[in-house]
Amino acid sequence: MTTTCTAYDGHGDLDTLRDVLGRADAVLLDFDGPVCDLFRGACTAYIADEVKERARLEWGRLDAGVKDCADSHGVLRCLADMAVRRTGDHRGTRLSWADGIVTRHEYKAVGQAVPTPGARELVRTLAGLGKALVIVSNNSAGPVREYLEQQGLLHHFTAVLGRDPEDPHLMKPHPDVVTRALTELGGPSPSRTLLIGDQVTDLTAARAAKVPFLGFTRDKKTEALMRDEGARNVVDSFEPVMRALSVPVSC
C-alpha cells in the first residue's frame with residue numbers, strides 16, 4: 001500500500017520539505033559540500049600559507065589577521081581587509097594574484113574530489129522535474145565547471161557562478177553570487193527559488209537575497225548554528241530530499 005511519509009530522521013516534517021521543494025522553480029546549489037568534498041576533508045592551511053608567502057613579497061609585513069588565517073578562502077578575505085586598511089579603498093589593492101593561487105589548487109583538487117552521496121541523483125532528479133539549476137560557490141567557477149563536466153552533470157546547470165576574483169569581500173555570506181544567479185535566471189521571484197548550502201554563510205547569503213534555504217550538513221554544531229539563525233529545514237543526507245521530490249512512497 002502506498003502512503004505519505006510525514007517525518008524524516010528527526011530533522012523536520014517531510015510535508016514541509018516537500019512544500020519547500022515544490023514551490024522552487026529554481027534551485028541554487030553550493031558546490032563544496034552539497035555537490036562534492038573538493039579537498040577530501042583536508043585542511044587548506046597549506047594554500048593559505050602559499051598565499052601569505054606571496055603576500056609578504058608583495059606587501060612586506062602582514063597584518064595579524066592574515067598571518068593567523070589557516071583557510072584558503074579566509075585568507076582572501078583577510079587580505080582584502082588588509083588592502084582596504086592600506087589604501088582606504090573599499091576594493092583595495094587588486095588581489096587577482098592571490099585568487100589565482102587558490103584557483104590553481106582548486107583545479108588540482110578536482111581530480112581527487114569525492115562526490116557527495118546522492119548529489120548526482122539529486123541533480124538529475126531536479127533537472128528532470130524542470131527546475132533550473134545554478135551553482136553558487138565561493139570556489140572559482142572554472143574548477144567547478146571542470147568537476148561537473150567530469151561527472152557528466154554540467155549540462156544540467158543553467159550557470160556556474162563562483163567568487164569574484166577581484167573582490168573577496170563579495171564571497172558568501174555576501175549575497176552577490178545569489179543575486180547574480182537570480183539575474184542569470186532572468187529575474188525569478190526569490191521566493192520561488194531555493195538555495196541548498198552546508199554553511200551558515202550560505203544561510204546568511206540566502207536570507208539577504210530573500211531566497212528560501214535548505215541546510216545540508218552532517219555536523220551537529222553547524223546544524224545547531226543554522227537552526228539558531230532561523231533555518232527551518234536542515235538535512236544530513238539527500239535521502240529525505242529525494243523522498244520529498246518523489247510521488248508518495250511506501251513507509
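This is a predicted model: local features need pLDDT of at least 70, side-chain atom pairs count only at pLDDT 80 or more; totals for chains, interfaces and linings use all residues.
Helices here are DSSP runs of H or I, at least four residues long, numbered from the N terminus.

1. Val 144 is in helix α7. Buried or exposed? With the cut-off for buried at under 20% relative accessible area, Val 144 counts as buried because its relative accessibility is 1%. Leaving out residues up to four places away in sequence, Val 144 touches Phe 31, Ile 135, Ser 137, Asn 139 and Val 160. As for Val 75, 69 residues away along the chain, its C-alpha atom is 20 Å from that of Val 144.

2. Setting aside residues up to four places away in sequence, the contacts of Gln 151 are Pro 115 and Arg 120.

3. Now the sheet. It is open, has six strands with parallel pairing, and reads β5-β4-β1-β6-β7-β8 in order. Its edges are β5 (159-161) and β8 (234-235), each of which pairs on one side only. At the β8 end, β7 (residues 213-216) runs parallel to β8 and is joined to it by two bridges. Phe 216 is the residue standing opposite Val 235 in β8.

4. Helix α6 (residues 119-128) packs on it and touches β1 (26-29), β4 (132-136) and β6 (193-197). The direction of α6 makes about 140° with that of β4. Helix α7 (residues 141-150) also packs on the sheet, where it touches β4 and β5; the angle between the directions of α7 and β5 is about 140°.

5. Helix α2 (residues 45-59) passes a simple length check: at 1.5 Å a residue its 15 residues should span 21 Å, and the end C-alpha atoms are 20 Å apart, which agrees. The buried residues in α2 are Ala 45, Ile 47, Ala 48, Val 51, Lys 52, Ala 55 and Trp 59. Why do they count as lying on the same side of α2? Because they cover an arc of only 145° around the axis. Their cover includes α3 (64-68), α4 (72-87) and α5 (96-110). Just after α2 comes Gly 60, which takes a positive phi of about 85°.

6. Last, helix α8 (residues 176-184). Asp 176, Val 177, Val 178, Ala 181 and Leu 182 are buried there. Strands β1, β4, β5 and β6 are included in what covers them, as is helix α9 (200-208). Following α8 is Gly 186, with a positive phi near 95°.

Notes: Residues are numbered from 1 along each chain as its sequence is written. Side-chain values use heavy atoms; hydrogens and water are left out. Two strands pair if DSSP finds at least two bridges between them. Contact means heavy atoms within 4.5 Å. Axes are lines fitted to C-alpha atoms, for helices over the stretch in contact, and angles run from 0 to 180 degrees between N-to-C directions. The expected span of a helix is 1.5 Å times one less than its number of residues. Buried means under 20% relative accessible area, exposed over 50%, partly exposed in between (1.4 Å probe, protein chains only). The arc is that of the directions from the helix axis to the C-beta atoms.
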